[in-house]
Amino acid sequence: MISKAEDGFYHPTTEAEICELVKHAAEQGLKVRVRGSGHSVQSAIYTGDFKSPPRDDPNINIYLDNMISVCFDYEHKQVTAEAGCHLGKDPTDPTSTIKNSLLYQIDCKGWALSDTGGIIHQTVGGFMLSGSSGGSLSDSVAWQIVAIRAVDGLGNIHDFRKTDDLNNPFYGMGVSMGLLGIITSVTFQCVDRYDIIGVETTSSLKECAIDLFGPGGNDKPSLDGYFRDIQYSRLLWYPQEGVGKVVVWEAHKLDKTPENFKPKHYHLFPSILGSELPAQIFASTMFKLFDILNPPEPTSKLGKLGRQILKPFYSLIVNYFLASAVLAPQQFQDVWWQGLPMDNNVNYKLMPTQFTELWLPLSTAADVMQELRLAYEEGGFNATGTHTCEIYMSASNNFWMSPSYQQDVIRVDPFWFGKNRGNPNEVYYPMYWERLKKFNYRLHWGKALSGDVGYLKAQYPRWDDFMSLREHMDPHQVFVTDYWRRNLGIDAD
Ligand SMILES: Cc1cc2nc3c(=O)[nH]c(=O)nc-3n(C[C@H](O)[C@H](O)[C@H](O)COP(=O)(O)OP(=O)(O)OC[C@H]3O[C@@H](n4cnc5c(N)ncnc54)[C@H](O)[C@@H]3O)c2cc1C
């Protein structure tokens, strides 16, 4: 069996080595988890509730950075990628480059995936297993997954292929949070490569070209109508009193790329001397300052004073920051894999972000937005926080545990600045979990979970089928950690 490396991880190079590790764990009663690029809630990834695997943990934490190869099937326009392959370059992993990333390699073949998430640092395995996706109802990476290869909890290898039979365990494996096995490779049906063109517009809520809270009319589409009509989109809502703005990023595929096509990259932050870094340093400093003025529980005189200063100070700074965007929409055009991930240049050290993400039936969009507006009005900064709330959409698919299982959804993704004091699970997310309960949400598996197992279970028609498959694939619960036991209500064996 391979040994644990200095960094505390096992780095297998072959499936056989993974099988050996799992067999060893099953025999010894140990846990096994796999790290992708580490973007999910940490305890959803590792064998314990800690930030990174400690060297003396007897359990097995696997890093698949030696399993990143990509193989092309030219006849069927399919690509099979080992699960450790990153979608794009992961700036935190020194072994990850643009050239060894999946999206770049398929683009070089003249192929593409039909969508990407807002960032492309994730691994193939991690992106798929948490049900991640971009903001689109017309396109979805989930539809392009045609085969999955995995090692089960007994150390045996299985191949799963997509069929029309929705009872096929393939549909249980696709979004399975690492609980059914270690994914070793995934095969995607590719589409032809394409370029995109788009625009980002910033406005007050009232002046927004979308009727964010109503049924639409007077030349404005309703939010769900807009999401149905636009190919790719996402909204950033600044709900704080005195700001009340919305940033609408939208794009579509070019049917045919003109010969003189020149990429014009999108900038999430204003570019100063060709770099977005100075603006991120400024934003990071400001968010820290906002946090100082906005203590989680302001009991002291100073704390209360901070709250009073926060409102005018916050609106001054944020309105100033957004002013030029309000005046001039940002036009961009790009190659698909560079244009669609609009948040890819965020520097996590400066702007660490945490989230919970609620996926709700698309038909409830206007009601959800009204409920949120009311909550923000009633709760002030306690409810809005000092960051934005991302609003986007995702297309229905057939993976049993996908938060968009058999329904198109609107996604509510409140951001929490990672350097804030306080625990967002206690002081920030519960407002969303409670207020939006009546709309039957499902939660993004890679982001913070509420722990309300009964509620979540009721939202997933194939929950019991998934749990039966889990028992079959992993009878000794090698992949079940305390975190997943707690959040999915899995009893000890
Ligand atoms: C800045 C940022 C932006 C984001 N943008 C989006 C977005 O636009 N859309 C969206 O839907 N989500 C988004 N996410 C969430 C992100 O896509 C998910 O957290 C995703 O799971 C991360 O992939 P990863 O490679 O980092 O996997 P990890 O987070 O490392 O792992 C995800 C889960 O899969 C397990 N796992 C990973 N690989 C394997 C394997 N081969 N076999 C078995 N188990 C495995 C892990 O143990 C863990 O439970 C974002 C997250 C961040 C931090």
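This is a predicted model: local features need pLDDT of at least 70, side-chain atom pairs count only at pLDDT 80 or more; totals for chains, interfaces and linings use all residues.
How are H8 and H9 oriented to each other, roughly parallel or roughly antiparallel?

Two packed helices are described by the angle between their axes and the distance between the axes. Helix H8 spans residues 277–293 and helix H9 spans residues 301–327, and their axes come within 8 Å while crossing at roughly 155°. Angles over 145 degrees count as roughly antiparallel, and H8 and H9 are therefore roughly antiparallel to each other. On the H8 side the contact is made by Met286, Phe290, Ile292 and Leu293, which meet a set of residues in H9 that includes Arg307, Leu310, Phe313 and Ile317. Sorted by class, the contact of H8 with H9 holds nine nonpolar residues, together with one polar and one charged residue.

From this helix pair we can turn to the chain as a whole. The domain assignment of the protein chain gives domain 1, made of 1–193 + 462–493, and domain 2, which covers 195–449. The centres of domain 1 and domain 2, taken over C-alpha atoms, are separated by 28 Å, and the contact takes 40 residues from domain 1 and 33 residues from domain 2. On the side of domain 1 that touches domain 2, at least two residues each come from H3, helix H5 (141–144), helix H6 (170–173) and helix H16 (463–473), with H3 giving the most, namely three residues. That side of domain 1 comprises 15 nonpolar, 19 polar and six charged residues.

The ligand is the next point to inspect. It is surrounded by 32 residues, of which the closest are Gly36, Gly125, Gly126, Gly178 and Gly446. Domain 1 and domain 2 each provide at least three residues of the shell around the ligand. Strand E1 (32–35), helix H2 (42–45), helix H4 (124–129) and strand E8 (182–189) each supply at least two residues of this shell, and H4 gives the most, with four residues. By class, the shell around the ligand consists of eleven nonpolar, 18 polar and three charged residues.

A single residue may close the tour. Lysine 109 is found in the loop between helix H3 (102–108) and strand E5 (111–112). Lysine 109 has 14 other C-beta atoms within 10 Å and is therefore partly exposed. Between lysine 109 and arginine 486 there are 377 residues of separation in sequence and 44 Å in space, C-alpha to C-alpha.

Technical notes. Residues are numbered from 1 along each chain as its sequence is written. A residue is near a molecule or strand if its C-beta atom, placed from the backbone, lies within 6 Å of it. Ala, Val, Leu, Ile, Met, Phe, Trp, Tyr, Cys and Pro count as nonpolar, Asp, Glu, Lys and Arg as charged, and the others, Gly among them, as polar. Domain bounds come from an automatic or database domain assignment. A residue is buried if 20 or more other C-beta atoms lie within 10 Å of its own, exposed if 12 or fewer, and partly exposed in between; C-beta atoms are placed from the backbone. Axes are lines fitted to C-alpha atoms, for helices over the stretch in contact, and angles run from 0 to 180 degrees between N-to-C directions. Angles under 35 degrees count as roughly parallel, over 145 as roughly antiparallel, 65 to 115 as roughly perpendicular and the rest as oblique. Two residues are in contact if their C-beta atoms, placed from the backbone, lie within 7 Å.
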